[in-house]
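Here's a quick briefing to read next to the model. Have the viewer open and follow along topic by topic.

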Amino acid sequence: MKMIQYTIIALIFVLLLSSSEVVLSKYKQSLLQELKVTEESQLSSRALALQSVIDRNFNLMASLEAYVITGYLQGKNDQEVMDYIEALYHGAQSSTFNLIIAPQGIVKFVYPLKGNEAIVNWDLIKDPRENVQQQIQRALQTRLMTMDGPFKLLQGNTGIVARKALYQDGNLWGFVSVGVDLDKLLDDAGISGMDEDDGLRIAIRNPGMQAFHGEDDIFQKNPMSEDISLLDGKWELAALPQESALRSVQEQIVLIRFCFLLVLALGLMFYFYIVRQRNKLSEAVHNRTQELRNTNEDLTAVNEELIAGEQELQEFTRRLQESEQMLSYLAYHDVLTGTYNRAHFQMILKEQIVYNEINKTSLAVLFFDLDNFKMVNDSHGHHMGDLMLQEVVNRIQQAALPYHTFARFGGDEFAILLEDCSNEQEIRVLCDHLIEVLKPPCLIANRAFFINASIGIVQYPSGGMTWEALLKNADIAMYMAKKESGSSYVFFDKQMAMNSVSKLEMGNHLRQSLERNELEIVYQPQVDCLIGRIIGVEALLRWRHTTKGYIPPSEFIPLAEEMGTILSIGEWILRGACEQMKAWHLVIKQPLAISVNLSVRQLHDERFVEKVAQILAETGLEPKYLEMEITENVAMQDEQLDALRKLRQLGIAISVDDFGTHYSSLSYLKRFPVTKIKLDQSFIRGVQTDVKDRAMIKAIISVANSFQLDIIAEGVETEEQANFLVANGCSKIQGYYFFTPMNAEETLIILEQNLRSKLLFLNSEVPTDLNNDQ
């Protein structure tokens, strides 16, 4: 019998030991995987920072090229050119070591001169260094921007150089180049000198070459890696975790294994001790009577049951008390921030209204939320948003604001109850103080976030006699504050309530506008003055309300965006425009393209590109005859970039509407697959009176030519405007000077109309194409 027991114990021991090793192995793997994920995240962050710094430095090349190609060197003395380069150098605030303009390959202009004296008047074409000659040849052959480095510069430091050969009238004019100091570049990217602190060992190299930063053997040890895209190549960025981190994991596993073995050994010793004592006791009581033993066993069992029952009752009582306390707390507190919740605020507001009615005092409710809080959640995750909400509550509670009750209503919405505040000026002072409390940047996880709040204010009893009315009207006032600007506050008045009801009615009617056939598509032709014919049309949306008549798009389009109905309306417009253009193709001699406005909300639809392809297939319109316009009043995100690229892959053209009025930049045109720029009519109106508008138009035309993009001007209403645009390189025009928006039947007639009378302003003879009826 004992042999069987010992065998079972031995098997259990072996099983526990083997199981522990399996668990420890999995735990070790999880620790290593967690370490790897953390290090990969750090490496990706470093790679992104380095890529951003490199792009920012070499974007200066576009400015140098534009300065030379557009002829700004003509008529400029050397000092004026150096002043421009100096302004460009200091304005960039980058890691740039020098900026160079080298006519015919001779370095004539260089800034800063200090530290670069060795390359003044240096002949790049005759440079004896082999790598420089190779880069020069690549620049001459490709006519594109090239990059070389890192290598030892003539100035004595190590750097990387971007060069581009410039041509005028087909002949080599010279070179422009940007030099970047390698050490400064790495410092700006946060890589140099920080590996130990971040727990990473980082190395960087050109593919197939020795590492120029960090230890070269890192690449031989199965490292984590990222690629840094350069102008005509790439860098390989590799990293390994610190040995100390790996040792820490191994030491932790060893310590756990030792503790487990120690516990297991103590358990075995205790077991054998118990077995031994039990055997002795068994022998001592073996001669006792069976009756006494049975009685003793019964009494013991009853006693154990009573003790267990008492302990269970005590534990149940304790848990019940804790549950009651927790439920009482949760009923009136916000779990995330610890402050009061909506239920508590409503209860207090009801009580204070009764108190104010009896004592004839006043109160006010401040209702506010955080501007662009959804963007924080979407971009950085809900955990980051929760931390921001906790920071907001902490700041308000520590600011000693003279409020009666402060509560979070849910999401990013908060409410503050003020007592005895009949003076409107006192409320304004408190709101200003509240905005100042939230104004400093919020530092969360090494990121800075700026908090703006839109505040709606309602006073009792003028703003409502019940708690429901007060909260509803405070919400309306907050919405009005949000429409004005960030970090503002608005007092409720009765006109706001009327406007809110009117907006609700318009929104409800807009939802039914498609079913009621109130929406219609009109078309405005686009003309190329140089070839003298219509080259396309733009599809525009109009709403004729059954009772209010014509409603401008500027009023109902934002409402459709806010309500989400823009998705169904946008799909309806796209389908109708494609069907109409396909019908015109069957009757007109020259196939035209049609332009359709695209909402950014449509790009959020994961099936949007699929829907566009389906509409083209169903209508039979070829993708090359469809152009989609994106308005640049919303900064595009990477997810929209993917959708636009897929549209371009289908063959659909992409144009930027209202260019130059909001978020446009050279990087905007570089990142997005844009094929055309539309000059905004706000610039066109000032052609005859505003020198700055004329200069802006010329600059945008120059940008379009540099990026090899089509350009068209919209909103052209006079012959003088059209003449100025054509004279400065923008021959494609859309506006009332030629045609107003019209229905499909009227448009078909216009497509066959002669344009000779509208093009007499041209200095040259009227194009021969004008003799046709196109």
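First, a definition: rings of Phe, Tyr and Trp (its six-membered ring) pair if their centres lie within 6.5 Å, and planes under 30 degrees apart count as stacked, over 60 as edge-to-face and the rest as tilted. With that in hand, Phe368, Tyr403, Phe406 and Phe414 form one aromatic cluster. This is a predicted model, where local features need pLDDT of at least 70, side-chain atom pairs count only at pLDDT 80 or more, and totals for chains, interfaces and linings use all residues. Residues are numbered from 1 along each chain as its sequence is written, and side-chain values use heavy atoms, with hydrogens and water left out. Helices (H or I, at least four residues) and strands (E, at least two) are DSSP runs, numbered from the N terminus.

**Aromatic pairs**

- The structure holds 12 aromatic pairs.
- One of them is edge-to-face: tyrosine 89 and tyrosine 111 sit 5.4 Å centre to centre, with 75° between the planes.
- That pair links distant parts of the chain, with tyrosine 89 in helix H3 (residues 78-92) and tyrosine 111 in strand S2, 22 residues apart.
- Tyrosine 111 counts as buried at 15% relative accessibility; buried means under 20% relative accessible area, exposed over 50% and partly exposed in between (1.4 Å probe, protein chains only).
- For phenylalanine 368 and phenylalanine 414, the ring centres are 5.4 Å apart and the planes are at 20°, so this pair is stacked.
- Phenylalanine 368 belongs to strand S10 and phenylalanine 414 to strand S12, 46 residues apart, so to speak a link between distant parts of the chain.

- Two strands pair if DSSP finds at least two bridges between them.
- An open sheet of five strands runs in the order S11-S12-S10-S15-S16, and its pairing is mixed.
- Strand S11 (405-410) and strand S16 (488-491) stand at the edges with a single partner strand each, so one side of each has no neighbour in the sheet.
- On average, neighbouring strands of this sheet are turned by 20° against each other, direction ignored; axes here are lines fitted to C-alpha atoms, for helices over the stretch in contact, and angles run from 0 to 180 degrees between N-to-C directions.
- Strand S10 (residues 363-370) and strand S12 (residues 413-419) run antiparallel and are joined by seven bridges.
- Alanine 364 stands opposite leucine 418 in S12.
- S11 and S12 also run antiparallel, with five bridges between them.
- Phenylalanine 406 faces isoleucine 416 of S12.
- The hairpin of S11 and S12 has two residues between the strands, and glycine 411 takes a positive phi near 60° there.
- Five of the six residues of S11 are buried, so the strand is largely enclosed by the rest of the structure.

**Helix packing: H9 against H13**

- The axes of helix H9 (residues 342-359) and helix H13 (residues 467-484) come within 9 Å and cross at roughly 120°.
- This crossing of H9 and H13 is right-handed; a crossing is left-handed if the near helix is turned anticlockwise from the far one by less than a right angle, and right-handed if clockwise.
- H9 brings Phe345, Gln346, Leu349, Lys350 and Ile353 to the contact, while H13 brings Trp467, Leu470 and Leu471; contact means heavy atoms within 4.5 Å.
- By class, the contact of H9 with H13 has six nonpolar, one polar and one charged residues; Ala, Val, Leu, Ile, Met, Phe, Trp, Tyr, Cys and Pro count as nonpolar, Asp, Glu, Lys and Arg as charged, and the others, Gly among them, as polar.

- Tyrosine 111 and proline 112 are joined by a cis peptide bond, with omega about -5°.
- Proline 112 is in the loop between strand S2 (109-111) and helix H4 (130-142).
- A cis peptide bond also joins tyrosine 460 and proline 461, with omega about 10°.
- Proline 461 is in the loop between strand S15 (453-460) and H13.
- Glutamine 104 is not a glycine, yet has a positive phi of about 55°; its place is in the loop between strand S1 (96-103) and S2.
- Aspartate 169 has a positive phi too, near 55°, and is a residue other than glycine.
- You'll find aspartate 169 in the loop between strand S4 (158-168) and strand S5 (171-181), where it is exposed at a relative accessible area of 79%.

**Glutamine 397**

- Glutamine 397 is found in helix H11 (residues 382-398) and is partly exposed, with a relative accessible area of 42%.
- Leaving aside neighbours within four places in sequence, glutamine 397 is in contact with Thr339, Tyr403 and Phe406.
- The C-alpha atoms of glutamine 397 and lysine 611 are separated by 50 Å, and the two residues are 214 residues apart along the chain.
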